[in-house]
Amino acid sequence: MVSSDEALITLRLFGPLRDAVGQAEICLPCAGATVKEALVRFAEERGDAVRPFILDGQGDLWRSVILLLNGEPVGDSAETRLKAGDVISLLLPLAGG
Amino acid sequence: MTAFTEEQVERYSRHIILPEVGGKGQRKLLDARVVIIGAGGLGSPTGLYLAAAGVGTIGIVDSDVVELSNLQRQVLHANSDLGRHKSLSARETMEAINPDVQVIAHDLRLSSDNILDVINDYDIVVDGSDNFPTRYLVNDACVMSGKPLSHAGILRFEGQATTIIPGRGPCYRCLYPEPPPPGMVPSCQEAGILGATAGVMGTIQASEVLKLILGIGNPLSGRLLLYNGLDMTFREVPVARKRDCPLCGDNPTVTTLIDYEEFCSLRGAAALSEEVTW
């Protein structure tokens with residue numbers, strides 16, 4: 001088990017998700033988990049205000065949220081294992097015009 | 001090729017002296033046909049710059065009327081336009097800026113029944129709509145008919161933009177395969193919008209359209225541009241065409257146009273019923 005300081009990752013939030021969470025960045029002790037595990041855990045912990053932005057009705061990652069791991073699209077590799085210092089960014093579509 | 005009038009030479013002189021534009025490029029602009037979906041926050045700056053640039057034929061699609069709350073950002077319309085149909089107000093403003101430009105007002109609400117007929121007459125489409133059902137409909141129609149599409153979306157102080165070139169790069173569904181569930185992503189009416197955010201993103205759309213017409217530079221294809229006006233940052237995310245895209249992938253599941261439920265309607269029931277009668 002690594003120390004909590006070393007095991008932190010950063011979740012960077014944009015648009016409506018940032019508004020729902022109330023913060024632009026959150027540090028999470030998720031290193032060692034996969035991208036998907038970390039996001040599912042985060043979504044479940046935050047409950048109804050946040051879950052629908054990240055998970056679909058089946059509890060899988062919602063297809064229309066763009067996930068970036070250290071600035072690169074995660075695409076289909078949500079099983080990538082996180083390491084300390086990683087940054088996950090979550091992008092949602094914007095409807096306004 | 002028709003010769004420029006003296007007035008045109010003067011009007012477009014700052015374009016013509018650009019090596020990337022020149023007389024040939026200006027002629028391309030005058031011969032081009034672009035349709036803008038929505039005469040709102042995004043469509044206003046896009047329309048103003050395309051008209052000023054001398055894009056010869058501009059279609060503007062909108063079924064709303066100008067309201068007081070629009071004027072904080074929708075710069076095609078003035079106080080004196082309150083209550084007028086936006087497509088007509090927009091046409092008047094654009095034609096006043098540049099009499100070379102023919103503006104066609106499409107005073108209608110887009111649906112799967114009429115969108116292909118509308119965009120068929122144009123070379124390039126600009127999405128400046130304000131709701132997800134229209135955004136998916138416009139993307140799907142453009143991909144199905146092979147029309148380049150400039151996309152942008154805005155909320156509060158943030159914007160996103162990408163350029164969709166069917167057959168050559170990812171489409172909107174490659175980024176966001178399906179619309180959000182009803183009520184999940186707020187509208188500008190619900191969450192607010194700094195007017196200048198619309199100006200930044202609409203002007204990016206105008207730049208993209210002009211580049212496409214001129215055949216210069218690198219289009220914002222395969223890239224999603226993210227703008228944050230509070231931090232004043234631009235970021236770029238690479239996006240690839242998805243082989244499992246429901247629309248442009250190898251085995252598409254979206255093969256006909258879909259009218260998604262107007263779950264994020266910005267209008268009241270009275271306004272909707274009014275639209276039907278137009």
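Modeller: A salt bridge here is a side-chain nitrogen of Lys or Arg within 4 Å of a carboxyl oxygen of Asp or Glu. This is a predicted model, in which local features need pLDDT of at least 70 and side-chain atom pairs count only at pLDDT 80 or more, whereas totals for chains, interfaces and linings use all residues. Side-chain values use heavy atoms, without hydrogens and water, residues are numbered from 1 along each chain as its sequence is written, and chains are lettered from A and ligands numbered from 1 in the order in which they are written.

Biologist: How many salt bridges are there over all chains?

Modeller: One of them joins the side chains of A:D60 and A:K36, at 3.4 Å from N to O. Since A:D60 lies in the loop between α3 and β3 of chain A and A:K36 in helix α2 of chain A, the pair ties together parts that are 24 residues apart in sequence. Over all chains, the count by this rule is 16.

Biologist: Which strands stand at the edges of the chain A sheet, each with a single partner strand?

Modeller: Helices (H or I, at least four residues) and strands (E, at least two) are DSSP runs numbered from the N terminus, and two strands pair if DSSP finds at least two bridges between them. The open sheet of five strands in chain A has mixed pairing and the order β2-β1-β5-β3-β4. One side of each edge strand is left without a neighbour in the sheet, because each has a single partner strand, and these strands are β2 (25-28) and β4 (72-73) of chain A.

Biologist: In chain B, which residue of β2(B) is the bridge partner of B:V35?

Modeller: Chain B has an open sheet of eight strands, ordered β3-β2-β1-β4-β5-β6-β7-β8 with mixed pairing. Within chain B, strands β1 (residues 33-37) and β2 (residues 57-61) run parallel and are joined by five bridges. In β2(B), the partner of B:V35 is B:G59.

Biologist: How many nonpolar residues are in the lining of the second largest pocket?

Modeller: On a 1 Å grid over the protein atoms alone, a pocket is an open set of points where a 1.4 Å probe fits, with protein on both sides within 12 Å along at least five of seven lines, and lining residues have an atom within 4 Å of a point. Among the 25 lining residues of the second largest pocket, those closest to its centre are A:R63, A:V74, A:G75, A:D76 and B:K242. With Ala, Val, Leu, Ile, Met, Phe, Trp, Tyr, Cys and Pro counted as nonpolar, Asp, Glu, Lys and Arg as charged, and the others, Gly among them, as polar, the lining has eight charged residues, two polar and, as the number asked for, 15 nonpolar.
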